[in-house]
Amino acid sequence: MSRKVCIAGGATTPFGYPMHLTPEAMIANCIVETQQDIPDFHLRDLDLMIYSHFSVHFGKQLCPEWVVHDHLGLVGVPHFRVENGGNTGGSALYAAFLAVKSGLFDVVGVAGWETMDNVTQSQGSEFIALASDTRYEALAGGIYPIYYAAMAYKFMKEHNLTEEDFALAAIKNRNYAADNPKSQWYRGEYKKYNRDLTIDDVMQSRLISYPLKRYDCCLMSRGGSFALVTSEEWAKKHADGKYVLIDGAGLSSCTIRAGDRLSFPGWTERYGKGYPDMTEFAACRHSGEVAYDMAGIEYKKAVKEVDVAEIHDAFSSSETQIYKALHWCDKDNIREFVRERRTFMDGDVPVNPGGGLMGFGHPVGATGIMSAIEVYYQLTDMIPKKHRSSKTYVRDAQTGLVNSHAGTGTSISNFILRRP
Amino acid sequence: MVDDKRMHKIPDEVEYTDKHSDDFRGDVREHGFQFVGYDWAPEEEQFKIYLHYDQLYYWKLAELSKMGKGFLDGELWGTKCPKCGDKFFPPRVNCWNLDCNLEKTEWIKLKPEGHVHTFTIAGWSGKSSLKRLPFVLAYVVIDGCQTAVANELRGIDPWDAEFGMPVKVVWADPKDRRGTITDFWFEPADGWKPSPMNPEKERIKELCQPVYEWVKTLK
């Protein structure tokens, strides 16, 4: 199919915890900001709305997308909601990609939000753990940081990594978030430090679940975001110079219980016996490979071809695990890859210059869209306008990667964005 | 309905002859919506409502009922595919092997022993588990299963847990059992001794101390 799909605009609200903004106002704000960048875009252009929202528990409202939709004045326009855990945003984007690619729609709005500040953090952790198989892990006290820690500990041992190696991602993303006025880190805890965070700060932060400490974990947030997914024809006509192509899109799945992937027949068939065990995200590798194939990127050359990436860093460990799943490094050189800081701004593939989930924040339904918008800003040279300075601007980036991730790696999507 | 051996029987009507509602939910009162207060910030014109919603949930274990009843009786039941022989705990009621095409699995009683595949020391958790911190959550492969199950590893200082260590299943007192995964936990197998302290264990011990202190302050 030759029809090309584009991202032709989008915006994100500030992320915060707490923050005082209703979901309908969040999306309205995002659309207004999008119109400032793309003056030709009008609400009348939208011919499908896809809403991205994870948990109705946080808002005590079923079908909250119905509240948002008619608030925007879009009565009559078809709409539905996508819910896919932490990968809700990525999956909504994937749905929009399918809708435009199929030729059925030309202009699709993807709007996501989460209002996690409606509960305390320990209650919120338990709410989110309702996405695990509650009959087993959750009752025993398991929450997602604990599941991730168990996977990370084994990964750390098998790849000869240390707590400090994981901490590199934690300080990188937070320190880049300090350059992003919308990030939760900059608007919140950064004020306490007013300086770059160090490895020591991470090592001294409170134990969450070994080897993860507080600063190895993402933020619980309230926030919203919006992306405009269109046909190339529409983008050329109405957003010239301010659109990117979605050249590759992949979506894959893995077991709900991390303990069930030691010898899953589906993975054994694809990648051999013992893969992915509990150490790697097979759904990331697979969806990454699908996206690379679609975009014509050789796996081994991916690290050279991708100029900037926004990766789902729910935990510093998971970002590190994803480097390997995306073929940027392997078991033998991951230590050097991490320690040479190749994912920092001056490395060959800057990751999470927008701050990521640890810096920008993680209002689940909005997160994947936020990541896509950050890469979109990079590839359209809008970063200097959107961030506080050009410190986190990757100049001349041609190719970007967006990654969205759910469960314990239960659903993962990857997108390759390119300048037209 | 089509007659196919892979399909699970759905009983028309279920009569629970052995009822334990008083023990388990007699004290739980369902309130539904309750407005329990509000906040007002005149300067910023911000209004917040406190809404409480109480809900009693049921889990019908249905095809997994044998597992729940087994917990009450101190027996560990998993499943096995009669075609390929793969063994599961947590039980899967159909085989995961695409070649077996949803073959219905058979119940098998598992030996209450296994080994730690991976683990972590939790220093933070959900609201209902905070007072148990710090605890070890271990993924254990039970009795040769193809899967690992997560549960608490007790009877050990958190920093003494090890990859691959042999463990046994220990059952809660019969009067405390609820037919759920928390009816049992893991403990080191008889005769297992932790290795001597080392820098990594010291580091974990140091990280645990503030957690112990913090838990003492919880009401």
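Which residues touch the most other members of the largest nonpolar core? The legends below take up this question and others for a predicted model.

**View 1. The largest nonpolar core and the residues that touch the most other members of it.** Of the 132 residues in this core, those that touch the most other members are Trp328(A), Leu76(B), Phe89(B), Leu153(B), Phe184(B) and Phe186(B). The element that gives the most to this core is H5(A), with 11 residues. A second, separate core has 61 residues, among them Leu72(A), Leu74(A), Val77(A) and Val108(A).

**View 2. The surroundings of Leu76(B).** With residues up to four places away in sequence left out, Leu76(B) touches Phe71(B), Phe89(B), Ile108(B), Lys109(B), Leu110(B) and Lys111(B), and also Pro112(B), Ile142(B), Val169(B), Trp171(B) and Phe184(B). Two of these, Phe89(B) and Phe184(B), are also named with Leu76(B) among the residues that touch the most other members of the largest nonpolar core.

**View 3. The contact between chain A and chain B.** Chain A brings 46 residues to the contact and chain B brings 49 residues, and the area buried between the two chains is about 4200 Å², with carbon and sulfur atoms giving 62% of that area. Between chain A and chain B, 21 residue pairs are in polar contact, both residues of each pair being at pLDDT 80 or more. On the side of chain A that touches chain B, helix H4 (121-129), helix H5 (144-158) and strand E5 (207-209) of chain A each supply at least two residues, and H5(A) gives the most, with eight residues. Sorted by class, this side of chain A has 19 nonpolar, 15 polar and 12 charged residues.

**View 4. A salt bridge between Lys157(A) and Glu200(B).** Three salt bridges are found across the interface of chain A and chain B; in one of them, the side chains of Lys157(A) and Glu200(B) meet with an N to O distance of 2.8 Å.

**View 5. Positive phi at Asp277(A) and Asn352(A).** Although Asp277(A) is not a glycine, its phi is positive, at about 55 degrees; this residue is in the loop between helix H11 (265-271) and helix H12 (282-295) of chain A. Asp277(A) counts as buried because its relative accessible area, 15%, is under 20%. Asn352(A), which is likewise not a glycine, has a positive phi of about 60 degrees and is found in the loop between helix H15 (334-339) and helix H16 (356-359) of chain A. Asn352(A) is also buried, with a relative accessible area of 0%.

**View 6. His327(A) and its contacts.** His327(A) lies in the loop between helix H14 (316-325) and H15 of chain A, and at 25% relative accessibility this residue counts as partly exposed. Leaving aside neighbours within four places in sequence, His327(A) is in contact with Arg285(A), Glu289(A) and Tyr299(A), and a polar contact of 2.7 Å joins the side chains of His327(A) and Glu289(A). The C-alpha atoms of His327(A) and Val303(A) are separated by 7.5 Å, while the two residues are 24 residues apart along the chain.

Methods:
Residues numbered from 1 in each chain as written. Chains lettered and ligands numbered in written order. Predicted model: local features only at pLDDT ≥ 70, side-chain atom pairs only at ≥ 80, totals over all residues. Heavy atoms only, no water. Contact = heavy atoms within 4.5 Å. Buried area = accessible area lost by both parts, 1.4 Å probe. Salt bridge = Lys/Arg side-chain N within 4 Å of Asp/Glu carboxyl O. Polar contact = N/O pair within 3.5 Å; in protein donor to acceptor, adjacent residues only side chain to side chain. Helix = DSSP H or I, 4+ residues; strand = E, 2+ residues; numbered from the N terminus. Nonpolar A, V, L, I, M, F, W, Y, C, P; charged D, E, K, R; others polar. Buried < 20%, exposed > 50% of the residue type's maximum accessible area, 1.4 Å probe, protein only. Core = buried A, V, L, I, M, F, W, Y, C linked by side-chain atoms within 4.5 Å.
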